[in-house]
Amino acid sequence: MNRYLWTLAWRSAWNRRLTLALTMVSIALSTFMLLGTERVRTDLRGSFTSALSGTDLIVGARTGSTQLLLYSVFRIGSATNNLRWSSVQSIAQQRGVAWIIPVSLGDSHRGFPVLGTDENYLRHFKYGNRTPLRLAQGKPWADLFEAVIGSEVANRLGYRLGQRIALAHGSGELNLNDHADKPFVIAGILQATGTPVDRTVHISLQAMEALHADWFAGAPIPGNRISAEAVRNIDLTPRAVTAVLVGLDNRAAVFSVQRAINGFQAEPLMAILPGVALDELWGIIGAGENALLLMSGLVALVSMAALVSVVLAGLGERRRELAVLRAVGASPKDIVLLLGIEGGLVTTGGIVVGVCALTAAALALGPWLQSRFGLILDPTSPTELQFMLLGALLASGWLASLVPGWRAYRLSLIDGLSPRT
Amino acid sequence: MTAPMLEIEHLRFAWPGSHDDCLAIESLTVAAGETVFLYGPSGCGKSTLLSLMAGVLQCRRGSIALNGRSWSSLRPAQRDRYRVDHMGYIFQQFNLLPYLSVLDNTLAPCRFSSVRARAAILQSGTLQLAAQTWLGGMGLPSQVWDRPARDLSVGQQQRVAAARALIGNPAMVIADEPTSALDENRRDEFLDLLLSSCQATNSALVFVSHDQRMAGRFQRRIALPGINQATPESRAAVRGTQGLP
């Protein structure tokens with residue numbers, strides 16, 4: 001008996017294969033949309049917090065912790081005050097400090113920020129899941145006027161190794177303050193990271209100092225220009241930097257080191273925990289996340305409504321068939337079973353296709369999304385909400401498929417006896 | 001005289017929400033093997049009466065018994081089972097599942113009713129043979145037996161429906177205007193086959209039509225307006241409600 005119903009379900013489904021294929025595609029698209037939106041929402045946060053990892057403390061002049069994070073990691077805004085080089089050196093000698101990366105910001109190149117740092121940057125800076133920076137081409141800067149650029153800088157501006165570029169003072173809107181007298185040669189291009197590093201032009205701290213050797217208070221000293229050759233002969237020890245990224249031997253010491261830096265005698269300093277600051281910052285800009293969550297909800301609603309309407313649209317087609325089945329002796333239970341088998345299989349099939357398509361798309365587009373939008377999609381770790389959404393899709397699709405059964409229960413036999421085509 | 005196959009007594013039926021009865025029949029019996037022609041203008045309640053006979057609708061008062069059992073004494077699930085065990089139907093048209101073969105369509109009642117399946121096997125040996133016997137009896141050539149039902153002409157489809165209604169020898173066959181989609185020659189041919197088959201299985205036949213030209217072929221003719229004692233006003237209500245889905 002049950003085997004006969006399965007056969008019947010299959011024959012009937014095959015008879016309507018085009019409609020069912022469309023239903024399945026619609027369910028697959030709903031699944032794709034719904035899980036895709038949720039995936040992006042989840043991973044957007046992950047991508048944001050992956051801008052920096054492995055750094056235990058960020059040190060800067062006293063300011064807001066969010067502000068320090070914004071300019072030191074995201075290169076947004078600018079520092080109100082710098083740290084003296086002597087302070088940097090004493091931080092490096094603090095007990096428990098394994099390494100420091102001094103960063104000096106303020107200049108730019110055609111809209112991309114310029115960052116002065118030292119070789120520790122390439123050695124110790126990590127992003128994402130503790131991934132170190134890698135050079136895609138070339139080598140680190142060796143000469144004073146050499147630069148290592150991020151992948152986006154290279155792609156957008158079409159730069160190649162060996163090309164000469166001129167940096168601009170400040171944000172570069174006013175080309176008057178050009179550092180064109182001291183051009184840089186591109187020595188290396190970094191691999192794409194999906195973080196602000198991609199948008200950065202890296203030079204050495206000494207180069208940064210050299211650029212400003214003949215500057216005072218934000219402007220070139222008139223009549224006292226130092227040429228690119230002459231500047232090599234003066235002392236280029238940096239006078240100040242914008243911030244310092246600190247790595248510790250032992251993470252457990254992070255609070256004692258933080259306290260020591262916050263109580264630094266020579267000048268007022270501040271040390272922040274990047275994770276905490278990132279969370280704080282996300283709390284501010286996370287409104288976007290809520291918008292995406294709302295979006296997910298709307299997509300869910302629309303997908304499920306579409307799903308139900310597609311299934312119900314097939315109802316008219318089946319009314320006569322169900323009436324005939326009732327008339328030859330199929331009980332309402334049989335009819336509901338028949339519809340349940342079909343609805344369950346079509347919905348499950350659609351969802352499986354949708355999940356596969358999403359996973360394939362995430363894998364195929366992953367590198368592009370990461371380099372273009374800095375979005376790291378991780379299709380392999382579904383969230384709890386995703387499972388709930390899948391369950392809701394399955395349930396609504398399956399229930400919608402049972403609606404004809406409910407109608408059949410009430411109508412089909414009378415229908416069958418007095419047919420209205 | 002044997003007990004009647006179908007027995008209607010003091011029937012009163014009204015559609016839900018209506019005060020007036022639309023059907024009021026004091027007594028109507030159909031004997032085993034009897035062929036009855038039920039006629040009347042459209043909207044006089046023929047289909048409603050058929051639904052009552054088949055236990056699809058329940059009467060407000062009185063009783064309708066098929067083969068000695070009152071429909072009202074059965075629970076809905078039991079009614080479904082009892083109906084398929086004892087009754088075969090032929091509709092006006094669209095009787096068949098278009099995607100099943102002619103043979104599978106014919107066998108459908110035997111899939112849902114073990115009583116019908118047993119009777120068919122008792123008669124022909126196997127279900128397959130029973131279906132083939134009935135299809136052959138209806139004049140359908142063996143070449144079409146394995147074809148999907150949708151490939152057949154309307155006339156052929158109605159004959160498959162008749163074979164399906166009769167397989168497993170149900171005690172009663174109900175045919176609701178089965179010839180309305182057929183032309184005159186096909187109609188007479190179909191009627192011949194149906195009547196002789198019912199005689200062969202001793203199945204009672206209630207044949208509904210508004211086309212009185214066929215009436216002479218039946219043992220008994222009943223005009224529904226003649227036996228329905230419901231008031232003309234309430235009969236108007238029947239016409240009104242029948243237009244509803």
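How many bridges join strand β1 (residues 6–13) of chain B to β2(B)? Keep that question in mind as you begin with the first view; the model shown in these figures is a predicted one.

**Figure 1. Strands β1 and β2 of chain B pair side by side in an open sheet.**
The answer to the opening question is 7 bridges, and the two strands run antiparallel. To find your place along the pair, look for B:Leu6, which stands opposite B:Val30 in β2(B). Now widen the view to the sheet as a whole: 4 strands take part, in the order β2-β1-β4-β5 of chain B, with antiparallel pairing. At the edges are β2 (23–30) and β5 (69–70) of chain B, each of which pairs on one side only. Helix α1 (residues 46–53) of chain B packs on this sheet and touches β1, β2 and β4 (61–66) of chain B. The direction of α1(B) makes about 120° with that of β1(B).

**Figure 2. Helix α1 of chain B is largely enclosed.**
Is this helix buried or exposed? Here 8 of the 8 residues of α1(B) are buried, so the helix is largely enclosed by the rest of the structure. You can follow the buried residues along the helix: B:Lys46, B:Ser47, B:Thr48, B:Leu49, B:Leu50, B:Ser51, B:Leu52 and B:Met53. After the helix comes B:Gly55, which has a positive phi, near 75°.

**Figure 3. The largest nonpolar core has 80 residues.**
Which residues have the most contacts inside this core? They are B:Met53, B:Ile174 and B:Val206. Setting aside neighbours within four places in sequence, B:Ile174 is in contact with B:Leu50, B:Met53, B:Ala54, B:Met87, B:Tyr89 and B:Val206. Apart from this core lies another, of 64 residues, and among them are A:Phe48, A:Phe125, A:Ile149 and A:Val153. Here is a handy background idea: in soluble globular proteins, nonpolar side chains tend to be buried together.

**Figure 4. A parallel sheet of 5 strands in chain B.**
The strands of this open sheet come in the order β6-β7-β8-β3-β9 of chain B, and the pairing is parallel. Its edge strands are β6 (87–90) and β9 (220–223) of chain B, each pairing on one side only. Ignoring direction, neighbouring strands of the sheet are turned by 15° against each other on average. For a closer look at one pair, find β3 (residues 35–39) of chain B beside β9(B): they pair in the parallel sense over 4 bridges. Within that pair, B:Val36 has B:Arg220 of β9(B) as its bridge partner. Helix α6 (residues 154–166) of chain B lies across β6 and β7 (172–176) of chain B, running at about 170° to β6(B).

**Figure 5. Chain B meets chain A.**
How many residues of chain B are in contact with chain A? There are 26, and they touch 19 residues of chain A. On the chain B side, the elements giving two or more residues are α1, α2 (76–86) and α3 (102–112) of chain B. The largest share, 4 residues, comes from α3(B). Sorted by type, the residues on the chain B side divide into 16 nonpolar, 6 polar and 4 charged.

**Figure 6. Strand β1 of chain A has two pairing partners, β15(A) and β16(A).**
Strand β1 (residues 57–61) of chain A is mostly covered, with 4 of its 5 residues buried. With β15 (residues 243–248) of chain A, β1(A) pairs in the antiparallel sense over 4 bridges. In that pair A:Leu57 stands opposite A:Val246. Another 4 bridges join β1(A) to β16 (residues 269–272) of chain A, and these strands also run antiparallel. There, look for A:Gly60 opposite A:Met270.

**Figure 7. Two helices of chain A, α3 and α9, pack against each other.**
Helix α3 (residues 65–72) and helix α9 (residues 274–285) of chain A pack at an angle of about 95°, with their axes 9 Å apart. That makes α3(A) roughly perpendicular to α9(A). From α3(A), the contact is made by A:Ser65, A:Thr66 and A:Leu69. From α9(A) come A:Pro274, A:Ala277, A:Leu278, A:Glu280, A:Leu281 and A:Ile284. The residues of this contact divide into 6 nonpolar, 2 polar and 1 charged.

How values were computed
Residues are numbered from 1 along each chain as its sequence is written. Chains are lettered from A and ligands numbered from 1 in the order in which they are written. This is a predicted model: local features need pLDDT of at least 70, side-chain atom pairs count only at pLDDT 80 or more; totals for chains, interfaces and linings use all residues. A nonpolar core is a set of buried Ala, Val, Leu, Ile, Met, Phe, Trp, Tyr and Cys residues joined through C-beta atoms within 7 Å. A residue is buried if 20 or more other C-beta atoms lie within 10 Å of its own, exposed if 12 or fewer, and partly exposed in between; C-beta atoms are placed from the backbone. Two residues are in contact if their C-beta atoms, placed from the backbone, lie within 7 Å. Two strands pair if DSSP finds at least two bridges between them. Axes are lines fitted to C-alpha atoms, for helices over the stretch in contact, and angles run from 0 to 180 degrees between N-to-C directions. Ala, Val, Leu, Ile, Met, Phe, Trp, Tyr, Cys and Pro count as nonpolar, Asp, Glu, Lys and Arg as charged, and the others, Gly among them, as polar. Angles under 35 degrees count as roughly parallel, over 145 as roughly antiparallel, 65 to 115 as roughly perpendicular and the rest as oblique.
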